[in-house]
Amino acid sequence: MKAVHYYRCMRGIVWREALRFLNQRGRFLAALVRPLVWLLIFATGFRFVLGVSIIPPYQTYIPYQVYIAPGLIGMIIMFQGMQSSLSMVWDRETGSMRTLLVSPLPRWYLLVSKLVAAVIVSVLQAYVFLGIAYFWGVHPPRLGYLPVFPALILAGMMLSALGLFLSSVIRQLENFAGVMNFVIFPMFFASSALYPLWTVQQANERLYEICMANPFTHAVELIRFALYEKFNLEAFGVVAGSLVVFMVLAVLGYDPGRGLITRRGGAE
Amino acid sequence: MLDLNTEAADGGAAGAPAREALPLVVEGLSHSFGERQALREVSFKLGRGDRTMLLGLNGAGKTTLFSLITRLYNHRSGSIRIFGWEIKQKPSEALARLGVVFQLATLDLELSVAQNLYYHAALHGLPRREAGVRLRREIERVGLTDRLREHARTLSGGQRRRVEIARALVHRPRVLLLDEPTVGLDVASRQFLLDHVRMLCREEGIAALWATHLIDEVDSAARVIVLHRGRILAEGPVPEVIRRANASSMREAFDKLTGERGE
């Protein structure tokens, strides 16, 4: 198996995902409704409630919707990442996963390719969101739109790998509502997505530590800094490290010999 | 891998275990889901050009067997070898030589016929241009060249199945697995598939394993494996299996072997 086979395989998987996205524009746009509701309504309502001080990477006082925009981008890629990785586990019995898994390339590589393809689509969604947010007063520096790309890819891969790992090993996460309640909401609220963590620290030191240990916090900060043309080494380290750990666990958890089907008692 | 794919047509690839050139060898394969034992000590061989019908009632273990051969889950006992490559140790070499038509429909209905086939070719690492040549040939052989650009959704059930066979052959496998491929098809489509696979075995030496619960699909020129409650009850050329069972037809042989009435 040569490198060129690997390359062609991943290109094919990404190409298919892109084609499906082109054929399903409705679903693509529907996924943008949730973060837009947060931005257009929630952020407006809270605009003057929260006093936001000057914190890096910002160099001036910023309105609330500017603060939460990176957090909402994080929300987009977390939702998409979780959704795509969950469907990979639940759909294992269905056609698309079966045809994927008879490829002679290693299973871990197929899973990674599939995640890359889904992340690329979610990154497109993040850019569309940023485009809309521009008309709502979110004006990051023009060049910030470039470095945010690798930040989004990295954060998206990390969150997708987490989703794949969780859904492979935790049987109870059998529907998306469970994942919303036990994974997405806790990770989203215990992070720097909606409020700067110094406000959390003043209120509750323990909660602050939890927020700091939350990889989603670092994903959001990596995106936030990148969007303002800055590199946050700590956030990068945590996100990259988490990606490696979650990916290894996910690939091990996806072992077909120990998968959901076997444990469920199987279907003939 | 792709070079191997063609060179290894008869198991002669460098590095392949020399003593074994058989397309598919299953030995002592058992599998259970919790308490329920789905397969017990299943062993059989497929030779070059063999067309073998895997006959069993629903729940006999056919789909489990196919899931193990296609590595959907790992087998924990026994062995599965494709041209000598154990699927657990050398999955890449084994899967490169294997084509599969699944029981459930697996075409991506959002994509066109050609896009479905290109996607499959990419999964096998084929370059796009070569994939184009090969898929045109395969789609022509199933008589659907004029439907290449159309969405898979617009095809009938029989046409979709034909596309799936064409897709399973794009990477030129030497072993073809078909899991109840005629379920839900009309008589003409079923006959087309049977004839097509017959031709593949005869003219290209492909070894085919065709799972079915329909005794009518087992013709006397084929080999048959009778699978019942996870065990193989008989294996061999159809006339021989009938003779050994002291029966006059495959239907009678099946009933005698299993003690149940087949369809």
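Guide: Ala, Val, Leu, Ile, Met, Phe, Trp, Tyr, Cys and Pro count as nonpolar, Asp, Glu, Lys and Arg as charged, and the others, Gly among them, as polar. This is a predicted model, where local features need pLDDT of at least 70, side-chain atom pairs count only at pLDDT 80 or more, and totals for chains, interfaces and linings use all residues. Residues are numbered from 1 along each chain as its sequence is written.

Visitor: What makes up the lining of the largest cavity, by class?

Guide: The lining has 5 nonpolar, 4 polar and 1 charged residues. A:Thr99, A:Val102 and B:Arg167 are among them.

Visitor: Why is it called a cavity?

Guide: On a 1 Å grid over the protein atoms alone, a cavity is a set of points where a 1.4 Å probe fits but cannot get out; lining residues have an atom within 4 Å of a point. The largest cavity has a volume of about 50 Å³. A volume is the space filled by probe spheres set on the points, which are joined across faces, edges and corners.

Visitor: Which elements of chain B supply at least two lining residues each?

Guide: Strand 6 (98–101) and helix 6 (157–169). Helices (H or I, at least four residues) and strands (E, at least two) are DSSP runs, numbered from the N terminus.

Visitor: Why is helix 2 of chain B called largely enclosed?

Guide: Buried means under 20% relative accessible area (1.4 Å probe, protein chains only). In helix 2 (residues 62–69), 8 of the 8 residues are buried, so the rest of the structure largely encloses this helix. B:Phe66 is one of the buried residues.

Key. Chains lettered and ligands numbered in written order. Heavy atoms only, no water. Buried < 20%, exposed > 50% of the residue type's maximum accessible area, 1.4 Å probe, protein only. 1 Å grid on protein atoms, 1.4 Å probe; cavity = no way out; pocket = protein on both sides within 12 Å on 5 of 7 lines; lining within 4 Å.
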